[in-house]
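Here is a briefing on one protein model.

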Amino acid sequence: MTKRVGQGCVALLLVGIAVRLCASWYSGWGEMLVNRTELATPMDRLSLLREQWHLLYDLDIDAAHIWSSLNYHHAPLLFLIPRSCIDDPIRSAFLWAVMDGVTGFALGRIAMALSRHATHAYSAWFPLGVMACFLFNPYAISACVAKTMSSLRTCLTVLSVLKAVEASPRWMAFVHTLNCLLFTTPLLLTPALWLLGCDTYAAFGAWRSTFGLRQSDAWWNGMRASLRTFVWTSIAGLILAAMLAGDASLTFVRSVYGSRVIADDLLPTTGLTWYFFVEMFTHFRPFFLAVVNIHMWTYMIPITMKYRSDPLFATTFLAGIASLFSMYPSVGDTAAYLALWSLLYPRLSDYLRYPMVTSLLFAYTTLLFPAFHYLWLYAGSANANFYYAIDLCMGLGP
C-alpha cells in the first residue's frame, strides 16, 4: 500500500505541473493574466518586478529616486532570482510550475509526518488527498499561471511548516525568516509556527540521541536555536537586501515594508480594505489605517494561546486571518490557507456544518470576479461597488 501511495503522489505531482504548463501555454505563457487584479496585487505582480529590474540595472537610474517614488514594492532579495527566469515568459512559467510542484511535494511530506506522529489512525491515502487539494485547486493554478509572488509565499510557508513537523527548528526558522523578509505578512504565523517546531522537536527530534536530556530541556534548546537562526538570518538578509537595492539611504525600507502597512497603492484586490480607503475622507485615513492594521495583528497572540495544544491548527487559523484581513490579499493567499486546512480535514470534517454552502460560495465568487471586473472597467455598465460586493462575498468563504 505504501508503494502505491508513493507512486500515486508522484503521478499527482507530474499531472499538477502538467496542468499548470498547459494553462500557461493557453494564456500566452501566463502573460495574459500577469496583471489581473484578483490574481496579482501591486505587492506581488511580476510585471512590476520586471519594470523595477529594468529601471535599476538597464537604465541605471538612481536607486533612491526609484524607491522614493513608492511605486515598486518587491523586496530586493527577489533580485537573486536569475533574470532570465523573470523576463522570459516560458522560463518563468516553468519556474512557477516547479515552485508549485515543490509546494505540493512538501504538503505530501507534511501529511506523511502527521500520519506517523498522530495518536489516531489516518487513511493511507491521506497524503494523496492533501496534494490533490492544492495541485488541482483553481486558485493555486491561476496564481501560478499569473506568476504572482503569492505562489512563492505559499511555497515558503508550506516549507516552514514541513520543517516544523519534521523537528528541524533551525531550518524552520531560516525558511520562515526568509518568507518574512520578502513579504512581511508571514510574521503573523511566527508564534504558532515556532511552538509547532519546538513541540515536534521535543517529542520526536534528534535530541533523543543525547544522553540525559529531558524533553523540557529539548524544547528550550529548540526555541533557542530557532531564535538565534531568526536573528542572524534577519541581519544577514537585511544587509544583503540593502546591497541589492543599491540605496545607501535605505529608502527601500519604506517602499517595500512601509507600503504594506500604509497602503500607498489602492488598486483593486480581493481584500476588504482597498475600497474602504478609496471612499474615505483624507483626514480620517491615519486613524483607520491604524485600526485596520492593529485589528489583524491582535489575533496573533490570543489564537496562539487559545490553541496552544494544537499549534498546527493555530498556524492554519492565522493563515486564514492573513488571507482575509491583510492589506493586499489575492486568491493565491486563499489557496495557501485551503492547502493548510486540508491537513486538518480528517479531524475537522465532523464539525463542518455547511460544506455545500461554502463550496458554492467559492464557486460563485470565482465566476463573478472576472465578470464584474469586465462590466466595471471595460463595458462601463457597472461600478466599483459591484466588484467590492464580490470581495465581501469572498471574505465569507474562509
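The largest pocket is lined by 31 residues. Those nearest its centre are Tyr 337, Leu 338, Trp 341, Thr 358 and Phe 362. The model is predicted: local features need pLDDT of at least 70, side-chain atom pairs count only at pLDDT 80 or more, and totals for chains, interfaces and linings use all residues. Residues are numbered from 1 along each chain as its sequence is written, and side-chain values use heavy atoms, without hydrogens and water.

**The largest pocket**
- A pocket is an open set of points on a 1 Å grid over the protein atoms alone, with protein on both sides within 12 Å along at least five of seven lines; lining residues have an atom within 4 Å of a point.
- The space in the largest pocket is about 1,000 Å³. A volume is the space filled by probe spheres set on the points, which are joined across faces, edges and corners.
- Two or more lining residues come from each of α6 (126–135), α7 (138–145), α16 (311–325), α17 (331–343), α18 (345–348) and α19 (355–379). Helices are DSSP runs (H or I, at least four residues; strands are E, at least two), numbered from the N terminus.
- The lining has 21 nonpolar, nine polar and one charged residues. Ala, Val, Leu, Ile, Met, Phe, Trp, Tyr, Cys and Pro count as nonpolar, Asp, Glu, Lys and Arg as charged, and the others, Gly among them, as polar.

- In a cavity, a 1.4 Å probe fits but cannot get out.
- There are three cavities of 30 Å³ or more.
- The largest cavity has a volume of about 70 Å³. Ten residues line it, and Thr 270, Ser 323, Leu 324, Met 394 and Gly 395 are the closest to its centre.
- α20 gives the most to this lining, with three residues.
- Five residues of the lining are nonpolar, four polar and one charged.

**Transmembrane annotation**
- An unreviewed UniProt entry marks residues 93–112, 124–146, 230–252, 272–292, 312–331 and 351–377 as "transmembrane region". Positions follow the numbering used here, feature names are shortened, and annotations may be inferred rather than shown by experiment.
- Residues 93–112 are 100% helix and 0% strand, with end C-alpha atoms 29 Å apart.
- Residues 312–331 are 75% helix and 0% strand, and their end C-alpha atoms lie 22 Å apart.
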